[in-house]
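Dear colleague,

Please find below the structure that I am handing over to you. My notes on its side-chain links follow directly after it.

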Amino acid sequence: QVRLVESGGGLVPAGDSLRLSCTASGLLFSSYSVGWFRQAPGKPRSFVAGINRNGGSTSVEGRFSISRDNAKNTVYLQMTTVKSEDTAVYYCAARPSLLATTESQYLYWGQGTQVTVSS
């Protein structure tokens, strides 16, 4: 059974940094690309950052970076200088191929972790 578990969310003051983790089980993690998405209240879920199987990555937010540790089956989303508009539920997703930016292309999803930025 494949499982993705996000952690690291919470209440954080604007301007601070936060690191989210996505830990996978039940799959050959090193063969999967992983994406981070977020969904703010009343808005559709959107792509934030993603990382390929070989470590190549992309982020639509310059304040965020993504990395992976295959030995720990974990992908990290490092968020810096957070803003109120970063408040959302953050999800990680995995697909057994190259990195993608649309949620329909991902096979497995976590349950999400809430990030709330206080001003």
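Is Arg45 buried, partly exposed or exposed? With a relative accessibility of 25%, Arg45 counts as partly exposed; the classes are buried for under 20% relative accessible area, exposed for over 50%, and partly exposed in between, with a 1.4 Å probe and protein chains only.

Before the remaining findings, a note on the basis of the values. This is a predicted model, in which local features need pLDDT of at least 70 and side-chain atom pairs count only at pLDDT 80 or more, while totals for chains, interfaces and linings use all residues. Residues are numbered from 1 along each chain as its sequence is written, and side-chain values use heavy atoms, with hydrogens and water left out.

I begin with the disulfide (a pair of cysteine sulfur atoms within 2.5 Å). The structure holds one, and it joins Cys22 to Cys92 with an S to S distance of 2.1 Å. Cys22 belongs to strand E3 (residues 18-25) and Cys92 to strand E9 (residues 88-95), so the pair ties together parts that are 70 residues apart in sequence. Strands here (E, at least two residues) are DSSP runs numbered from the N terminus. Both Cys22 and Cys92 are buried, and their link is right-handed, with 65° about the S-S bond.

I turn next to the salt bridges (a side-chain nitrogen of Lys or Arg within 4 Å of a carboxyl oxygen of Asp or Glu). Four of them were found in a search of the whole structure.

Arg45 takes part in one of these, with Glu103, and the closest N and O atoms are 2.9 Å apart. Glu103 sits in the loop between E9 and strand E10 (108-109), and Arg45 in the loop between E4 and strand E5 (46-51), so the pair ties together parts that are 58 residues apart in sequence. Glu103 is partly exposed, at 31% relative accessible area.

Asp86 forms a salt bridge with Arg38, again with the closest N and O atoms 2.9 Å apart. Since Arg38 lies in strand E4 (residues 33-39) and Asp86 in the loop between strand E8 (74-79) and E9, this pair ties together parts that are 48 residues apart in sequence. Arg38 is buried, with a relative accessible area of 17%, and Asp86 is buried at 0% relative accessibility.

Asp86 also meets Arg63 in a salt bridge (2.8 Å, N to O), and Arg63 is buried as well. Finally, Arg38, Glu61, Arg63 and Asp86 are linked in a network of salt bridges.

With kind regards

Key. Helices (H or I, at least four residues) and strands (E, at least two) are DSSP runs, numbered from the N terminus.
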